[in-house]
Amino acid sequence: MGRRGIVGVVVLPRSREGAEGGGRTPLPSVLSGGAEPERRRPPRMRAPVLLATRRALAAMAEGPLARAIRTKLTAALQPTHLQVLDDSPRHGGPPGAESHFSVVVVSGRFAGLSPLQRHRLVHAALSAELAGPLHALAIVARTPQQWDSDPRVPPRPPCMGGSKHEQDAAAHGEQ
Amino acid sequence: MSGVLRAAWRVGAAAARGRAGRALSQAASEGGGAEGGGSGSGSREAVERLVRAHPVVVFMKGSPEQPLCGFSNAVVQILRLHGVEDYRAHDVLQDPDLRQGIKNYSNWPTIPQVYLNGEFVGGCDILLQMHQNGDLVEELKKLGIRSALLDAEKDQDKK
């Protein structure tokens with residue numbers, strides 16, 4: 001066991017609540033009495049690596065159709081809160097299939113409108129997508145006041161095969 | 001509420017797989033299929049006849065006994081919760097012309113579609129909302145249909 005001559009001042013690691021993952025500076029093994037294995041943990045992820053990882057995750061999270069939906073709903077309804085979820089994996093599609101979406105749209109534009117009218121506004125904003133690759137769209141449309149008093153979203157029904165039950169191999173989806 | 005719904009969906013899905021066909025809905029689906037297949041079944045007139053044929057009409061994927069889509073099943077389960085078992089259900093998977101025709105008629109891009117008294121009410125999301133906020137009980141009352149949930153509440157009050 002190699003011992004260094006001078007240890008120097010030890011800075012204790014910060015409390016665990018704040019620092020998760022790479023935030024904690026590991027104790028040199030010589031100070032921990034050799035309890036930790038000799039492997040060296042990287043003190044923290046290098047910034048470029050972290051950024052690239054974040055970008056990769058973001059790209060996985062929002063495909064082109066998701067981005068189009070987000071852009072169009074934002075332009076049409078100026079939502080105070082907008083959630084766009086690709087539900088396709090829950091309907092038998094591979095991740096990133098982008099065929100079934102659910103959206104939560106909170107907008108003052110919905111005030112005074114019936115649920116039907118609100119959903120029609122959403123459909124109108126996404127008419128090109130609905131005529132194309134967007135096969136199913138679940139919608140929660142609330143005013144900011146409604147959302148503040150109830151931010152819950154109802155559970156999505158489980159997939160039951162949908163158009164996969166059709167004889168011809170047409171596009172699968174809810175249209 | 002969401003727990004109840006999830007349970008209802010699971011029960012409905014399992015029961016639907018095992019349940020025997022119900023004559024009324026099957027006849028309706030088969031009727032739609034029989035007169036369909038040609039270009040007529042999706043026309044406005046044909047769709048109009050269907051939506052006016054009964055106070056409660058549903059266009060869905062599969063049948064109430066065997067829904068083939070989670071959203072369509074949700075509609076079936078909600079109606080079942082309210083004790084509505086007598087309604088017309090049309091399986092759009094059996095009739096591509098009807099499938100397109102109903103979307104043109106209501107100017108609504110997706111299935112399922114629910115019609116009350118000939119009027120388009122919405123899809124699964126809207127029916128769920130109406131169920132949760134009590135509107136569905138009221139709408140059914142206007143059609144002369146007493147929701148089973150009212151009786152359930154009464155029983156609870158008695159206890």
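Student: Which residue of chain A forms a salt bridge with B:Asp125?

Tutor: Keep in mind that this is a predicted model. Side chains of opposite charge can pair when their charged atoms come close. Between chain B and chain A the count is one salt bridge. Its closest N and O atoms are 2.8 Å apart, and the partner of B:Asp125 is A:Arg156.

Student: Which element gives the most to the side of chain B that touches chain A?

Tutor: The elements that give two or more residues to that side are helix H1 (2-18), helix H4 (70-81), helix H5 (96-106), strand S4 (119-122) and helix H6 (124-133) of chain B. By class, the side of chain B that touches chain A has 16 nonpolar, eight polar and five charged residues. The element that gives the most, with five residues, is H6(B).

Student: How much area do chain B and chain A bury between them?

Tutor: Start with the contacts: 29 residues of chain B touch 27 residues of chain A. There are also four residue pairs in polar contact between the two chains, both residues being at pLDDT 80 or more. Of the area the chains bury between them, 63% is on carbon and sulfur atoms, and the total is about 2400 Å².

Student: Over which residues of chain B does pLDDT stay under 50?

Tutor: For the complex, the predictor gives an ipTM of 0.75 and a pTM of 0.69. Chain B has a mean pLDDT of 83, with 74% of its residues at 70 or more. The stretch you're asking about has 29 contacts in the model beyond four places in sequence, and it covers residues 18-38.

Student: Now chain A. Why does the salt bridge between A:Lys72 and A:Glu129 tie together parts that are apart in sequence?

Tutor: The two side chains meet at 2.9 Å, N to O. A:Lys72 is partly exposed at 32% relative accessible area, whereas A:Glu129 is buried at 8%. A:Lys72 lies in helix H2 of chain A and A:Glu129 in helix H4 (residues 127-131), so the parts that the pair ties together have a sequence separation of 57 residues.

Student: Is A:Leu65 buried or exposed?

Tutor: A:Leu65 sits in helix H2 (residues 64-77) of chain A. Leaving aside neighbours within four places in sequence, A:Leu65 is in contact with A:Glu98, A:Phe101, A:Glu129, A:Pro133 and A:Leu134. The relative accessible area of A:Leu65 is 10%, and the cut-off is under 20%, so A:Leu65 is buried.

Student: Back to chain B: how many residues apart are B:Arg52 and B:Glu48?

Tutor: These two form a salt bridge, with the closest N and O atoms 2.8 Å apart. B:Arg52 counts as exposed at 54% relative accessibility, while B:Glu48 counts as partly exposed at 26%. Both lie in helix H3 (residues 44-52) of chain B, about one turn of the helix apart, and the spacing is four residues.

How values were computed. Residues numbered from 1 in each chain as written. Chains lettered and ligands numbered in written order. Heavy atoms only, no water. Buried < 20%, exposed > 50% of the residue type's maximum accessible area, 1.4 Å probe, protein only. Contact = heavy atoms within 4.5 Å. Buried area = accessible area lost by both parts, 1.4 Å probe. Salt bridge = Lys/Arg side-chain N within 4 Å of Asp/Glu carboxyl O. Polar contact = N/O pair within 3.5 Å; in protein donor to acceptor, adjacent residues only side chain to side chain. Nonpolar A, V, L, I, M, F, W, Y, C, P; charged D, E, K, R; others polar. pLDDT = per-residue confidence, 0-100.
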